[in-house]
Amino acid sequence: MTRQDVMNIFPTATEEQITAFLNANGSEVNAEKEKNKELKDTSKELEAAQKELEALKAKAESGAPDDWQAQIDKLTEANNKAQKTIKNMQLKNDLKDKGFSNDDADKFIKTMEEGGDIAAVMGELKKSVIASYDKERMNNTGDPDGSDGQNPGGKDEAEDAYAKEIAGSIGRGTKASDDIVNAYT
């Protein structure tokens with residue numbers, strides 16, 4: 001808009017009013033131009049992004065890129081290792097529940113993984129389990145002098161106290177009471 005255009009619209013406007021009007025109009029026009037420029041820049045960015053997206057879609061439809069396949073292979077290998085570890089841990093726990101020691105269970109699992117002689121390992125494990133069972137059985141067996149294995153010295157404190165109580169009821173110092181006390185102590 002020119003000064004003449006403003007005077008035609010507002011014939012009674014002063015020079016200062018015309019200048020103020022043109023300045024206001026100019027700043028509004030410049031702001032709109034700036035917005036228009038930003039919209040054009042955004043539009044160009046959007047077009048570029050759409051082209052890139054279309055290229056990626058085309059690539060994906062044609063098959064996974066090599067670097068993706070390498071990542072998939074790496075993750076698959078890690079998953080297989082984790083599954084194997086879990087399986088071995090479950091087997092080890094099962095073996096321990098059956099009475100095998102940690103070392104025996106580890107030896108068995110290692111032999112299975114390496115394809116070794118499982119029969120030989122099973123024979124050794126059988127001997128180990130039998131020895132462990134025999135040891136436990138012997139620990140729970142009573143002593144020859146009549147104790148039940150709970151009192152390794154062979155004397156049962158409850159029986160000793162009961163014998164003294166009986167001997168006391170008979171009377172201290174008699175031959176019968178002394179024989180009772182001496183038999184249990």
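# Questions about a predicted model

Reader: In which helix is the place of N88?
Author: Welcome! Helices (H or I, at least four residues) and strands (E, at least two) are DSSP runs, numbered from the N terminus. The run that covers residues 66-97 takes in N88, and that run is helix α3.

Reader: What kind of model is this?
Author: Residues are numbered from 1 along each chain as its sequence is written, and side-chain values use heavy atoms, with hydrogens and water left out. Local features need pLDDT of at least 70, side-chain atom pairs count only at pLDDT 80 or more, and totals for chains, interfaces and linings use all residues, since this model is predicted.

Reader: Is N88 buried or exposed?
Author: Buried means under 20% relative accessible area, exposed over 50%, and partly exposed in between, using a 1.4 Å probe and protein chains only. N88 has a relative accessibility of 19%, so N88 counts as buried.

Reader: Which residues is N88 in contact with, leaving aside its neighbours within four places in sequence?
Author: Contact means heavy atoms within 4.5 Å. With those neighbours set aside, the partners of N88 are I109 and E113.

Reader: How do the axes of α4 and α5 run relative to each other?
Author: Two packed helices are described by the angle between their axes and the distance between the axes. Axes are lines fitted to C-alpha atoms, for helices over the stretch in contact, with angles from 0 to 180 degrees between N-to-C directions. Those of α4 (residues 102-114) and α5 (residues 118-139) come within 10 Å and cross at roughly 170°. Angles under 35 degrees count as roughly parallel, 65 to 115 as roughly perpendicular, over 145 as roughly antiparallel and the rest as oblique, so α4 and α5 are roughly antiparallel.

Reader: Which residues of α5 make the contact with α4?
Author: From α4, the contact draws on D104, K107, F108, T111 and M112. On the α5 side, the residues are I118, V121, M122, E124, L125 and S128.

Reader: What kind of aromatic pair do F10 and F21 form?
Author: Rings of Phe, Tyr and Trp (its six-membered ring) pair if their centres lie within 6.5 Å; planes under 30 degrees apart count as stacked, over 60 as edge-to-face and the rest as tilted. The structure holds one such pair. Its ring centres are 6.0 Å apart and its planes lie at 75°, so the pair of F10 and F21 is edge-to-face.

Reader: How many residues apart in sequence are the parts that this pair ties together?
Author: F10 lies in the loop between α1 (3-9) and α2 (15-62). F21 lies in helix α2, so the separation in residues is 11.
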